[in-house]
Amino acid sequence: VQLVESGGGLVQPGGSLRLSCAASGFTFSNSAMSWYRQAPGKERELVAAISSAGGSRNYVDSVKGRFTISRDNAKNTVYLQMNSLKPEDTAVYYCYAQRVYYWGQGIQVTVSS
């Protein structure tokens, strides 16, 4: 199993980033997928989740209206579009495959002027 995140980096407040998580080694279309994040000194928190077919999505209150989770089962990839970023969104973001209980390696997102 592999989950490879990409798209992180440094962005100014109010900016946007799109994270991608490319999956392999399991049947991606059978697995709900999630994005988590962990800021320094804080516990890892669930940011967004999407069902296996993409019909159901959930978000933590702090990102509702700003972040969108989506997936492309033909490409075995899940995305997190992040708009109107705030300094408090700074964290390491992790992709998680619920079917196989597997985490990606994490990718840094820093929101700072």
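Me: First up, is serine 24 buried, partly exposed or exposed?

Reply: Serine 24 is partly exposed, because its relative accessible area is 32%. Buried means under 20% relative accessible area, exposed over 50%, and partly exposed in between, using a 1.4 Å probe and protein chains only. Bear in mind that this is a predicted model: local features need pLDDT of at least 70 and side-chain atom pairs count only at pLDDT 80 or more, while totals for chains, interfaces and linings use all residues. Residues are numbered from 1 along each chain as its sequence is written, and side-chain values use heavy atoms, with hydrogens and water left out.

Me: Where does serine 24 sit, and what does it touch?

Reply: Serine 24 is in strand β3; strands here are DSSP E runs of at least two residues, numbered from the N terminus. Not counting residues up to four places away in sequence, Ser24 touches Val1 and Gln2, where contact means heavy atoms within 4.5 Å.

Me: Which strand does β1 pair with?

Reply: β1 pairs with β3 (residues 17-24), antiparallel, over five bridges. Two strands count as paired if DSSP finds at least two bridges between them. Leucine 3, for one, has alanine 23 in β3 as its bridge partner.

Me: And what's the order of strands in that open sheet?

Reply: The order is β1-β3-β8-β7, four strands with antiparallel pairing. The edges are β1 (2-6) and β7 (67-72), each pairing on one side only.

Me: Switching topic: how many helices and strands in the whole protein?

Reply: Zero helices and 11 strands.

Me: OK, the core. Which residues touch the most other members of the largest one?

Reply: Met33, Trp35, Val78, Leu80, Met82 and Tyr93, out of 28 residues in that nonpolar core. A core is a set of buried Ala, Val, Leu, Ile, Met, Phe, Trp, Tyr and Cys residues joined through side-chain atoms within 4.5 Å. Strands that each supply at least two of its residues include β4 (33-38), β8 (77-82) and β9 (91-97).

Me: What does methionine 82 touch?

Reply: Leaving out residues up to four places away in sequence, Met82 touches Gly15, Ser16, Leu17, Leu19, Arg66, Phe67, Tyr93 and Val109.

Me: Last one: what share of the protein is buried?

Reply: Buried residues make up 41% of the 113.
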